[in-house]
Amino acid sequence: MSTATIKPSAELDELGKFFTIAARQIDAGQTAPQMFSAAIDAAWHALAAAPGAHEAFTLQHAGRKLTHVESAGNGFISWVSAYEEAYGPLPEIWFTDANGTVNTEALGRYRDTGEVYAEWDCSPAGGDGDDDGVMAPEKTTR
């Protein structure tokens, strides 16, 4: 098992918050949250390349092992209000692609309405990626 040290970043900070929200939703029997940020997902993929560091990170932030599972969809991002209650408004990094380009239209819409509608292609799951009682995000359309 790898014990690589992962360099702190805004993306990893937000990924930790996302995992905390994910654990809360899973514990409440809700669907797993949708990962809609390409920038944060890219950090998640980099972290997952170091399994020991990934497991330690998820244990630290979610209190359990979480894995990355494919779960494509689009629509309303339902966990944003839980994030805002815990941490305040979503920062710009949530609206940033893997190349560092901010989707200013989506960010502006969020700032105006407090709601996020987006596409996603993954979400967290408990344990080793098997079902483990975690419901995948609902596939909705706007």
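Colleague: Why are helices H1 and H4 called roughly perpendicular to each other?

Modeller: In this predicted model, H1 and H4 (residues 80-87) pack at an angle of about 115 degrees, with their axes 10 Å apart. Angles under 35 degrees count as roughly parallel, over 145 as roughly antiparallel, 65 to 115 as roughly perpendicular and the rest as oblique; H1 and H4 are therefore roughly perpendicular. Axes are lines fitted to C-alpha atoms, for helices over the stretch in contact, with angles from 0 to 180 degrees between N-to-C directions. Helices are DSSP runs (H or I, at least four residues), numbered from the N terminus.

Colleague: Which residues of H1 and H4 meet?

Modeller: Glu14, Lys17, Thr20, Ile21 and Arg24 of H1 meet Ala82, Tyr83, Ala86 and Tyr87 of H4, where contact means heavy atoms within 4.5 Å. By class, this contact of H1 with H4 has five nonpolar, one polar and three charged residues. Ala, Val, Leu, Ile, Met, Phe, Trp, Tyr, Cys and Pro count as nonpolar, Asp, Glu, Lys and Arg as charged, and the others, Gly among them, as polar.

Colleague: What makes H1 oblique to H3?

Modeller: H1 (residues 10-27) and H3 (residues 51-62) pack at about 60 degrees, with their axes 8 Å apart. That angle makes H1 oblique to H3. The contact of H1 with H3 has six nonpolar, five polar and no charged residues.

Colleague: What is the relation of H1 to H2?

Modeller: The axes of H1 and H2 (residues 38-48) come within 9 Å and cross at roughly 90 degrees. That makes H1 roughly perpendicular to H2. The H1 side of the contact is Glu11, Leu12, Glu14, Leu15, Phe18 and Phe19, and the H2 side is Ala39, Ile40, Ala43, Trp44 and Leu47. By class, there are nine nonpolar, no polar and two charged residues.

Colleague: Which residues lie nearest the centre of the largest pocket?

Modeller: Phe36, Trp94, Phe95, Thr96 and Asn103 do, among 13 lining residues. The lining divides into eight nonpolar, four polar and one charged.

Conventions: Residues are numbered from 1 along each chain as its sequence is written. This is a predicted model: local features need pLDDT of at least 70, side-chain atom pairs count only at pLDDT 80 or more; totals for chains, interfaces and linings use all residues. Side-chain values use heavy atoms; hydrogens and water are left out. Helices (H or I, at least four residues) and strands (E, at least two) are DSSP runs, numbered from the N terminus. On a 1 Å grid over the protein atoms alone, a cavity is a set of points where a 1.4 Å probe fits but cannot get out, and a pocket is an open set with protein on both sides within 12 Å along at least five of seven lines; lining residues have an atom within 4 Å of a point.
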